[in-house]
Amino acid sequence: MASRRDFFRSFAKPLQQTPKDVSPLVVRPPYGLSESLFQSECPACESKACVTSCEEKIIYIGNDSTAQLSFAHSGCTFCDECARACEAGVLSLEKSMHTERIAATFQINIQDCVAHNSVICFSCKEPCIDDAILFNGLFNPVIDMDLCTGCGFCISVCPVDAIECTPIEIQETTIEPIENGEIQ
């Protein structure tokens with residue numbers, strides 16, 4: 001017979017779980033051309049040059065043997081070194097729409113944020129070079145997603161971990177040459 005504790009814990013489980021054959025979305029390095037390339041090419045890469053080329057040390061190889069980002073200690077400077085080092089062509093500087101933007105959305109959890117709870121705190125705003133974190137007076141910071149590049153520098157400096165990062169699936173793209181040899 002199950003205990004009362006087990007009974008109530010069953011309600012805490014998510015109603016819909018991710019099927020085991022589908023990988024959950026993770027935050028990918030910038031300049032990625034497609035999620036399918038990460039899944040097909042990264043596991044076969046032996047050099048893992050994207051990891052060693054990252055000056056900020058935010059790229060790591062996940063359990064699925066693919067390149068992923070962690071903003072726990074720093075953020076992305078969009079230095080292009082990971083894309084230059086990628087021998088498999090998973091990361092590419094050829095498609096301008098992928099430069100200087102991480103495929104993720106960032107949001108401030110207003111219940112956890114100390115500024116939203118009447119404490120003067122500008123920890124997240126100070127490292128934001130894009131001025132994407134806006135304040136309504138001394139309190140109520142919000143992230144302007146039109147300005148946010150997803151660099152992640154705000155995450156590690158938040159004293160209460162109130163900034164949430166949600167990965168977005170990288171849209172499949174193709175690089176098409178045009179007549180004069182330039183990339184579209």
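Which residue takes a positive phi in the hairpin of β4 and β5? Gly 137 does, with a phi near 75°. This is a predicted model.

- Strand β4 spans residues 133-136 and strand β5 spans residues 139-143.
- The two strands run antiparallel and are joined by 4 bridges.
- Leu 134 has Val 142 in β5 as its bridge partner.
- The hairpin has 2 residues between the strands.

**Aromatic pairs**
- The count of aromatic pairs is 2.
- One is Phe 71 with Phe 106, a tilted pair at 5.9 Å centre to centre, with 55° between the planes.
- This pair links distant parts of the chain, 35 residues apart. Phe 71 lies in the loop between β2 (67-69) and α4 (81-85), and Phe 106 lies in strand β3 (residues 104-108).
- Phe 71 is buried because its relative accessible area, 6%, is under 20%. Phe 106 also counts as buried, at 4% relative accessibility.
- Phe 122 and Phe 135 form a tilted pair too, 4.7 Å centre to centre, with 45° between the planes.
- Here the partners are 13 residues apart: Phe 122 sits in the loop between β3 and β4, Phe 135 in strand β4.
- Phe 122 counts as partly exposed at 29% relative accessibility, whereas Phe 135 is buried with a relative accessible area of 18%.

**Charge over a ring**
- The charged end of Arg 28 sits over the Phe 38 ring, 4.6 Å from the ring centre.

Key:
Residues are numbered from 1 along each chain as its sequence is written. This is a predicted model: local features need pLDDT of at least 70, side-chain atom pairs count only at pLDDT 80 or more; totals for chains, interfaces and linings use all residues. Side-chain values use heavy atoms; hydrogens and water are left out. Two strands pair if DSSP finds at least two bridges between them. Rings of Phe, Tyr and Trp (its six-membered ring) pair if their centres lie within 6.5 Å; planes under 30 degrees apart count as stacked, over 60 as edge-to-face and the rest as tilted. Buried means under 20% relative accessible area, exposed over 50%, partly exposed in between (1.4 Å probe, protein chains only). A charge sits over a ring if NZ of Lys or CZ of Arg is within 6 Å of the ring centre and within 35 degrees of the ring normal.
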